[in-house]
Amino acid sequence: MAVAGPLAGWAASPLTPLPPPEDRQLARDMLRELVEINTTHAYGSTQAAKVIEGWLLRAGFVPGDVDLLAPADHPTKGNVVVRYRGRHRGDPVLFLGHLDVVEAKPEDWSVDPFKLTEMDGWFYGRGTIDMKDGDAALVESLIRLKREKYVPDRDIVVAFTADEEAGGDANGPAYLLQEHRALIDAAFAVNLDGGGGNTRNGARQFFEVGTSEKTYVTFTLQTTSPGGHGSLPGPDNAIYRLAAGLGRLETFKFPVMLTSTTRAAFAALGALETGTAAADMQAVAQSPPDAAAAARLSTNVRLNAQLRTTCVATLISGGHAENALPQRARATIQCRLLPGDSAANVQAQLVAVLADPAIGVTLDAPPIVSPESPPTPQFMKKVALLAHSMWPGVPIIPTMATGFSDDRHTRNAGIPSYDISGVWQDVDENRAHGRDERVGVQAFDESVEFTYRLMKAMSGAK
Ligand SMILES: [Zn+2]
């Protein structure tokens, strides 16, 4: 969640625990090797999955506990699933990391995106923050735990997966849930593709735990009219009817609705803010939320998206000839639903707001519903204890993502899923998917130690 103003900070401490030197080096070597395997959609993830499989087998994992799996019709979209066996006191915990990366054109970058370049305290390369850093931390931690002969209470299952990024057509978690559910079934999941630490001007601000995301739903609006010669316009015009409806939609706002996550987030962020923003965030966290405070916060598009379901026109088309009256007009309405809201409810509200029975409203595809994974006090306390063992005193804040991730597949399948990355980065750093993607060297090393501790903490029975 974005915040509106400056916050008090925590100075980075030189005492932050790091992995032992051999593990630190191994994780860096793994990050390098993974970044240097191109896993954009054109290449796929199977080669990276095979490399991880090799590391695990050489570290003593037995072949029956390491599975390389790809859909029959997408052999390059490989996933690797590993099981670290425990005492079976409780169902497994599933860790998720995607292997694919967004396209990167070398001519757009100042360094080669498919080489790991260390420069001025940063590792540069495609996937350094999204999320080969997390993949390297996961596989290195498994190997470290194995070497230390750690025995978890629950099995630890880690799935390194294909096609998370937009444009992929063989999503790993969706395929594994569909075809190999028993392999990855779990009491809950921890995805390293979100959450994590936020810094501002080098100071630690707060640590996010992703508990939920909005549901992606698209509707098509359509109007029709008899048409005719462009020289003889009459009262029934498909374009005007649709445009008038869109005008009503433009000024409509869905009602303010807080989830247990966004309520806790506003309360916690409000405590870190100053001035009007602080008071408004605290007021909106009340039950019921303060309407005037919600209206002021809604002028910030990021906070608005936290407060309500949104729908917006993104595409429009209509008519068939310059000199003819239109017979048809269409608009695409892109909606992002709060957890708990439904496509049927939103469709009914759209029909009411458009207020014209001649505007047809149809759902493009059934949504992958993504319920909130509750930020229970017990779970949040566990994360806080763990995070504070690394970074004493940082506030821990549950968050709702406005975009979607692989969590929608596991949450939709009934596996509560939490985004917990151990990486700290600046709130204004926005290079994932863009040019010169990077992760801080210190931040990466810390995240490796955090991931090792996370695996231990989450594989305890209680
Ligand atoms: Zn990602």
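Okay, let's start with helix α3, residues 132-147: 16 residues, reaching 22 Å from the first C-alpha to the last, close to the 22 Å expected at 1.5 Å a residue. That expected span is 1.5 Å times one less than the number of residues in the helix. Helices here are DSSP runs of H or I with at least four residues, strands are runs of E with at least two, and both are numbered from the N terminus.

Before I go on, a word on where this comes from. This is a predicted model, so bear in mind the cut-offs: local features need pLDDT of at least 70, side-chain atom pairs count only at pLDDT 80 or more, and totals for chains, interfaces and linings use all residues. Residues are numbered from 1 along each chain as its sequence is written.

Back to α3. It is mostly covered, with 13 of its 16 residues buried. Buried means that 20 or more other C-beta atoms lie within 10 Å of the residue's own; exposed means 12 or fewer, partly exposed is in between, and the C-beta atoms are placed from the backbone. After α3 comes K149, which has a positive phi, near 60°.

Now some strands. Strand β2, residues 79-84, is largely enclosed by the rest of the structure, because 5 of its 6 residues are buried. Which strands does β2 pair with? One is β1, residues 66-69, antiparallel over 4 bridges, where D67 has V81 of β2 as its bridge partner. Another is β6, residues 156-161, also antiparallel, with 5 bridges; there V80 stands opposite F160. Two strands count as paired if DSSP finds at least two bridges between them. In general, strands of a sheet pair through backbone hydrogen bonds, either parallel or antiparallel.

There's also an open sheet of 3 strands, in the order β4-β5-β19, with antiparallel pairing. Its edge strands are β4 (117-119) and β19 (438-440), each pairing on one side only. The twist averages 25° from one strand to the next. Between β4 and β5 (residues 122-124) there are 3 bridges, and T117 has Y124 in β5 as its bridge partner.

Let's zoom out to the domains. The protein is divided into domain 1, which is 21-212 + 370-458, and domain 2, which is 215-363; those bounds come from an automatic or database domain assignment. Their centres, taken over C-alpha atoms, are 34 Å apart. How many residues of domain 1 are in contact with domain 2? It's 15 residues of domain 1, touching 15 residues of domain 2. In contact means that the C-beta atoms, placed from the backbone, lie within 7 Å. On the domain 1 side, β9 and β16 each supply at least two of the touching residues, and β16 gives the most, with 4 residues.

Last stop: another open sheet, with 4 antiparallel strands in the order β12-β14-β10-β15. The edges are β12 (310-318) and β15 (360-363), each pairing on one side only. Neighbouring strands are turned by 25° against each other on average, direction ignored. β12 and β14 (residues 328-337) run antiparallel, joined by 8 bridges, and S317 stands opposite R330 in β14.

Helix α11, residues 343-354, lies across β10 (215-224), β12, β14 and β15, running at about 165° to β15. Axes are lines fitted to C-alpha atoms, for helices over the stretch in contact, and angles run from 0 to 180 degrees between N-to-C directions.

R248 and V353 are 105 residues apart in sequence but 6.5 Å apart in space, C-alpha to C-alpha. Leaving aside neighbours within four places in sequence, R248 is in contact with V353, L354 and A355.

Key. Contact = placed C-beta atoms within 7 Å.
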